[in-house]
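Let's take a walk through a protein model together.

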Amino acid sequence: MQALARRDGLPILKQHACFVSISIMSVPSDFLQALQGQLSQPRRIAVISHDRPDGDAIGSSLALGALLQQAGHEVAIFNADPVPQSLRFLPGWERVEVLSSKRTEAHEVDLVFNIDAAGADRISQHVRDSVKGSMLFNIDHHRGNNHFGDHNWVDPDSPATGQMIAQLASAFGWRCGSEIAQALYAAISTDTGGLRYPATTAETYRIMATLVDAGANVGEINRLLYESFPLRRLYGLQEVLQTAEFFADHRVACLTLTMELKQKLGLTPDDTEGMLDHVRGIDSVLAAVFFEERAEAIRVSSRSKDSRVSVRKVCEQFGGGGHDLAAGVRMQGTVEEAKEAFLGELVRRVGEV
Ligand SMILES: [Mn+2]
């Protein structure tokens with residue numbers, strides 16, 4: 001095991017490192033015991049994450065799927081939406097089966113794992129209807145998680161579900177090859193803003209170090225995650241930045257993306273990821289909001305840089321949720337109406353700090 005830390009030419013465990021340095025205490029014992037009991041014989045397992053999956057959802061699903069399969073189980077990975085283009089370098093991404101709402105075939109399994117989803121409602125009804133299991137394990141890090149599984153492990157202090165999967169793997173003594181390491185690295189990196197957000201802990205860095213030891217290629221993963229955008233994204237950004245508006249002495253900022261612009265430039269949901277960071281990064285800004293006009297609703301995603309300003313609480317007021325510093329909600333009505341209601345509440349809260 002010591003070989004993990006050695007840099008003297010004995011990388012014995014380089015490709016098959018165990019998660020030796022990670023705290024196994026983090027997995028609650030009742031959850032662990034229930035899971036151990038279930039996994040004591042080969043099972044058919046479905047891994048599902050939230051709609052419109054992000055890096056944490058996909059990375060965690062792929063890693064957990066691979067770990068369970070390695071442990072001798074039969075695993076299928078499902079989602080309501082396709083894997084974003086920017087994540088299609090992760091080994092095994094093709095394994096994510098997209099369940100169309102048009103077809104309602106049944107997938108009978110023994111165990112279902114819901115990953116990175118704060119509530120059952122974050123997973124499309126047709127996905128929940130078609131994947132049937134006798135027991136539901138819920139693994140997530142959203143504070144508002146309503147413990148909708150039969151067994152729930154919700155750690156709101158964890159910066160990424162990927163971190164929890166690494167801890168789970170450690171608790172089980174599962175081995176981590178380079179492909180699993182890559183998936184978990186991407187999961188943790190994307191949810192922590194590249195290890196920058198305040199929820200990032202020393203444990204996060206220890207886990208990342210273990211993943212690098214296990215074969216995650218830092219330079220390559222970061223290039224593929226953050227430096228491989230299509231040109232249209234830049235054109236989209238140019239236009240969206242023109243919509244920047246500021247309120248409350250430049251402490252609140254917002255960007256607006258209309259359906260018209262999306263269609264004109266052929267922007268995909270992937271292309272708008274991270275646009276908000278450009279206004280969020282302004283020194284005076286405490287909270288930033290992105291309003292995206294979609295056919296069915298206005299999608300609002302919000303970020304805070306100040307723990308006193310919980311965007312989760314604002315989102316919850318309109319039926320959404322998330323984390324204190326990153327949350328979202330879908331609102332009905334026009335973009336103008338959504339902006340007025342949401343920003344009104346946010347500006348009020350910012351005024352109180
Ligand atoms: Mn997450």
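Let's begin with a pair of helices: α2 and α4 are roughly parallel to each other, because the angle between them is about 15° and angles under 35 degrees count as roughly parallel. Keep in mind as you look that this is a predicted model. To find the pair, look for α2 at residues 55-70 and α4 at residues 161-172; their axes lie 8 Å apart. The crossing of α2 past α4 is left-handed.

Which residues of α2 and α4 meet? From α2 come D56, G59, S60, A63, L64 and L67, and from α4 come T161, G162, I165 and A169. Sorted by class, this contact of α2 with α4 has 5 nonpolar residues, 4 polar ones and 1 charged one.

Now stay with α4 and look for another neighbour, helix α5, at residues 178-191. Here the two axes come within 7 Å and cross at roughly 145°. On the α4 side, the contact uses T161, G162, Q163, I165 and A166, while α5 brings L184, A187, I188 and D191. That makes 5 nonpolar, 3 polar and 1 charged residues in the contact of α4 with α5.

Next, let's step back to see how the chain is divided. The domain assignment gives domain 1, residues 9-226, and domain 2, residues 231-351. Between the C-alpha centres of these two domains there are 27 Å. Where the domains touch, domain 1 supplies 9 residues and domain 2 supplies 10 residues. The domain 1 side of this contact is made up of 3 nonpolar, 4 polar and 2 charged residues.

Our last stop is a sheet. How many strands form this open sheet, and in what order? There are 6, running β11-β12-β13-β14-β16-β15, with mixed pairing. Strands β11 (245-247) and β15 (321-322) stand at the edges with a single partner strand each, so one side of each has no neighbour in the sheet.

Further in, you can trace β13 (residues 287-293) beside β14 (residues 298-304): they pair in the antiparallel sense over 7 bridges. Finally, find helix α13, residues 335-351, which lies across β11, β12, β13, β14 and β16. Relative to β13, helix α13 runs at about 170°.

Note on methods: Residues numbered from 1 in each chain as written. Predicted model: local features only at pLDDT ≥ 70, side-chain atom pairs only at ≥ 80, totals over all residues. Domains from an automatic or database assignment. Contact = placed C-beta atoms within 7 Å. Nonpolar A, V, L, I, M, F, W, Y, C, P; charged D, E, K, R; others polar. Axes fitted to C-alpha atoms, helices over the stretch in contact; angles between N-to-C directions. Helix = DSSP H or I, 4+ residues; strand = E, 2+ residues; numbered from the N terminus. Parallel < 35°, antiparallel > 145°, perpendicular 65-115°, else oblique. Left-handed = near helix turned anticlockwise from the far one by under 90°. Pairing = 2+ DSSP bridges.
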